[in-house]
Amino acid sequence: MDYNHIEIEQKWQKEWEEKKVFKTSQRNDKEKYYVLTMFPYPSGTIHVGHVKNYVIGDVVARYKRMQGYNVLHPFGYDAFGLPAENAAIKNNVNPGEWTFKNIETIRNQIKKIGISYDWDREIATCTEDYYKWTQWIFLKLYEKGLAYKKHAAVNWCPSCKTVLANEQVVNGKCERCGTEIEMKKLEQWYFKITEYSEKLLNDLDILDGWPENVKIMQKTGLEKVLEQKSILL
Ligand SMILES: [Zn+2]
């Protein structure tokens, strides 16, 4: 007898979808367990490199469910920003159209693999019902004086007319169009994370299970920040 994978997989995928077998209930006496894997950029669709990630997370989620935990395993898309913009420019389409088309494809790809995400909790960071919370957090930081503007030199591509991240500058040139980049003084938003450097430094000691070399790296960085702060004061 032949194994008809298309028929069998479609049958079960339909069953999982209809019965919402991966849904996490909020009312539950079981102990909670949270499994979060990296969200993809929907600037393209997913490839085997992504799948490797998601399968490992899925194995953990399924294992913990079998052990009796109430597992929350959500999924979403890191859908704002440069990767989406670059892809839209490259393909000459509206970034929103491009992004949502990719999200649709990614969702179908992942459902085919059978990763056990609770699809009722799916988010995309470019939708209003998500970024209203980013804006809310920003406003709270602003109200506390922890978000502020100042002028700073940034990488500027005169051809693309955009600011570039350091990773987008290759040998002093724009990775997108090859134009020589300029340093331009622009007004930028900053978060006052230095406010917390002392607390962060002290609390490194209570971190359990962190590799010693990572702790040393953090410590050296924070000590430098504190040193500069005392010079400024
Ligand atoms: Zn450019």
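## The three-stranded sheet

In what order do the 3 strands of the open sheet stand, and is their pairing parallel or antiparallel? In this predicted model, the order is β6-β5-β9, and the pairing is antiparallel. Strands β6 (162-164) and β9 (182-191) stand at the edges, where each has a single partner strand, so one side of each is left without a neighbour in the sheet. On average, and with direction ignored, neighbouring strands of this sheet are turned by 60° against each other.

As background, the strands of a sheet pair through backbone hydrogen bonds, and this pairing can be either parallel or antiparallel.

## Strand β5 and its two partners

Strand β5 covers residues 147-157 and is joined to β6 by 3 bridges, the two strands running antiparallel. Between β5 and β6 there are 4 residues, and the two strands form a hairpin, in whose turn lysine 161 has a positive phi of about 55°.

With β9, strand β5 pairs in the antiparallel sense over 10 bridges.

## Helices and their packing

Helix α5, made of residues 128-143, lies across β5 and β9, and it runs at about 85° to β9.

Another piece of packing involves helix α3 (residues 82-91) and helix α4 (residues 95-113), whose axes are 9 Å apart and meet at an angle of about 105°. Angles of 65 to 115 degrees count as roughly perpendicular, and α3 and α4 are therefore roughly perpendicular to each other. On the side of α3 the contact is made by Ala84, Ala87, Ala88 and Asn91, and on the side of α4 by Pro95, Trp98 and Thr99. Of the residues in this contact, 5 are nonpolar and 2 are polar, while no charged residue is included.

## The protein as a whole

Taken together, the secondary structure of the protein comes to 7 helices and 9 strands. The radius of gyration is 23 Å, well over the 17 Å that the globule rule gives for 233 residues, so the protein is more spread out than a compact globule. Along the principal axes, the C-alpha trace spans about 75 × 50 × 35 Å.

The protein is divided into domain 1 (5-124), domain 2 (146-191) and domain 3 (194-232). Taken over C-alpha atoms, the centres of domain 2 and domain 3 are separated by 28 Å.

Note on methods
Residues numbered from 1 in each chain as written. Predicted model: local features only at pLDDT ≥ 70, side-chain atom pairs only at ≥ 80, totals over all residues. Heavy atoms only, no water. Axes fitted to C-alpha atoms, helices over the stretch in contact; angles between N-to-C directions. Parallel < 35°, antiparallel > 145°, perpendicular 65-115°, else oblique. Contact = heavy atoms within 4.5 Å. Nonpolar A, V, L, I, M, F, W, Y, C, P; charged D, E, K, R; others polar. Pairing = 2+ DSSP bridges. Domains from an automatic or database assignment. Rg over C-alpha atoms; globule rule 2.2 N^0.38 Å.
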